[in-house]
Amino acid sequence: MSVPSNLKYTKDHEWISIDGDEATVGITDFAQGELGDIVYVEVETLDETLDKDEVFGTVEAVKTVSDLFLPLSGEIIAFNDSLESEPEKVNSDPYGEGWMIKIKISNPDEIEELLDDAAYKELIGA
Amino acid sequence: MKNTALSHVHEALGAKMVPFAGYNMPVSYEGVTAEHETVRNAVGVFDVSHMGEFLITGPKALELIQKVSSNDASKLIDGQAQYSCLPNADGGIVDDLIIYRLEAEKWLLVVNASNIEKDWDWISSHNTMGAEMRNLSEEYSLLAIQGPKAVEAMQSLTSEDLSAIKFYTFKVSDFAGIAHVIISATGYTGSGGFEIYCKNSEVEQIWNKVLEAGADFGIKPIGLAARDTLRLEMGYCLYGNDIDDTTSPLEAGLGWITKFTKDFINSESLQQQKIDGIRRKLVGFELQERGIPRQGYDILDNEDNVIGNVTSGTMAPSLNKGIGMGYVTKELSAPGTEIFIQIRKNKVPATVVKTPFYKG
């Protein structure tokens with residue numbers, strides 16, 4: 001199970017890569033494994049500004065559906081629309097081509113509340 | 001939680017295990033889509049040993065079976081099997097099952113794992129004629145070997161001519177070095193193949209030899225997740241989803257296994273229901289837009305009235321679209337009817353279709 005040390009994590013199994021006042025968000029290797037074969041990634045909140053923990057989209061696997069929660073308050077400035085035709089990238093490359101959205105961070109203080117790789121590993125028992 | 005005789009084998013293969021009907025079962029090995037396609041295109045093997053087996057014997061065996069089941073078991077000869085259901089006294093279904101005639105006075109009933117105790121109690125309570133009953137569920141294992149290459153891949157394991165075993169017939173014969181197992185041309189996938197009933201002590205040897213013999217044909221172990229997508233593409237009912245204690249066999253489209261040529265529990269009121277006409281019907285539907293219907297989602301008409309709910313739904317791997325089943329009012333049950341599925345905030349258009357969804 002891959003948990004890169006350069007990323008931040010949430011208890012909802014999302015990863016966050018921080019670059020200045022922008023963040024890239026996806027779901028973790030553990031999450032994609034639990035969901036199984038992903039068939040849709042739906043994000044209808046592009047250009048909206050949402051609070052941390054609000055639902056920004058849904059991810060559907062063959063057997064289950066799961067909401068996606070915004071890890072940091074901010075504006076959703078990009079959606080990886082290649083996932084509309086190739087959602088399986090979330091399974092095959094969750095930290096790379098399977099990225100989901102980019103956020104313009106509105107409250108940098110929230111970054112402190114994210115988990116580091118050690119804390120996330122502990123959460124999933126890895 | 002119980003293990004099957006093969007739970008440790010699945011764990012060693014790296015399967016994702018889940019509790020199902022009280023058993024520790026493999027839900028998937030490499031992923032549901034790949035496993036589904038393996039069964040549709042080649043051959044796969046499932047451990048479905050959680051299923052229950054009752055042996056009914058003696059001169060009163062058939063009389064008991066005829067009383068509790070809806071299909072007409074008197075039509076069977078030795079070596080034939082029949083899909084049937086156990087109607088309850090209130091218009092619903094206790095369980096669906098397969099009935100095997102081993103001999104004139106020796107029958108095997110194969111029931112759903114989640115209903116073993118309920119079925120046993122139900123059948124026992126109607127055994128006023130004194131048939132002999134044995135619950136073999138804890139002693140017997142069941143492997144399903146399914147897919148278009150099943151016959152060819154398994155032929156080396158038996159002296160029986162597998163291609164000569166017709167659908168819903170079976171042989172008690174040698175298989176994978178075991179002298180007497182049931183080789184049954186049945187299954188829950190719509191892709192052909194066999195189900196093998198054997199003792200728990202024999203199943204690991206059979207499992208290993210099946211994987212060995214099937215290796216050249218691309219055989220893979222298949223989990224419960226693909227078992228569900230495969231059966232749903234065929235429109236086969238799953239007890240607890242599409243049929244239960246409150247659904248009539250006639251509403252569920254099981255009129256073909258409800259034979260009024262004989263008396264059985266609640267047959268009079270079911271016959272009356274047939275005369276009066278049913279008010280709701282289990283239908284299959286396909287989504288016209290992207291999305292996946294899930295159990296419990298509302299089914300709406302074009303004026304936003306709730307006309308039923310989804311009893312089973314999935315992304316169909318062979319069709320690459322969302323499919324499902326659910327009960328709708330009789331008026332909206334004809335193939336081609338436009339209905340809508342409420343998927344979270346969206347009202348997604350769907351069309352009632354004839355099942356099977358997958359037509360091979």
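This is a predicted model: local features need pLDDT of at least 70, side-chain atom pairs count only at pLDDT 80 or more; totals for chains, interfaces and linings use all residues.

Residues are numbered from 1 along each chain as its sequence is written, chains are lettered from A and ligands numbered from 1 in the order in which they are written, and side-chain values use heavy atoms, with hydrogens and water left out.

**Stop 1: K2(B) and E138(B).** Select these two and you'll see a salt bridge whose closest N and O atoms are 3.2 Å apart. The partners sit 136 residues apart: K2(B) is in strand 1 (residues 2-3), while E138(B) is in the loop between strand 9 (132-135) and strand 10 (140-146). Helices (H or I, at least four residues) and strands (E, at least two) are DSSP runs, numbered from the N terminus. K2(B) is partly exposed at 40% relative accessible area; buried means under 20%, exposed over 50%, and partly exposed in between (1.4 Å probe, protein chains only).

**Stop 2: R101(B) and D78(B).** Here the closest N and O atoms of the salt bridge are 2.6 Å apart. R101(B) lies in strand 7 (residues 93-103) and D78(B) in the loop between helix 3 (61-68) and strand 6 (81-87), so the bridge ties together parts 23 residues apart in sequence. Colour by accessibility: R101(B) is buried at 18%, whereas D78(B) is partly exposed at 42%.

**Stop 3: a network.** Now pick K63(A), D228(B), R231(B) and D242(B), which are linked by a network of salt bridges.

Stop 4: Look for E195(B) in strand 13 (residues 193-199) of chain B. Is it buried or exposed? Buried, because its relative accessibility is 6%. Show its contacts (heavy atoms within 4.5 Å): leaving out residues up to four places away in sequence, they include I98(B), Y100(B), L142(B) and S184(B).

**Last stop: chain A.** Select residues 22-104, listed by UniProt as "domain: Lipoyl-binding" in an unreviewed entry. The span is 18% helix and 42% strand, and its end C-alpha atoms lie 5 Å apart.

Conventions
UniProt positions are given in the numbering used here, feature names are shortened, and annotations may be inferred rather than shown by experiment. A salt bridge is a side-chain nitrogen of Lys or Arg within 4 Å of a carboxyl oxygen of Asp or Glu.
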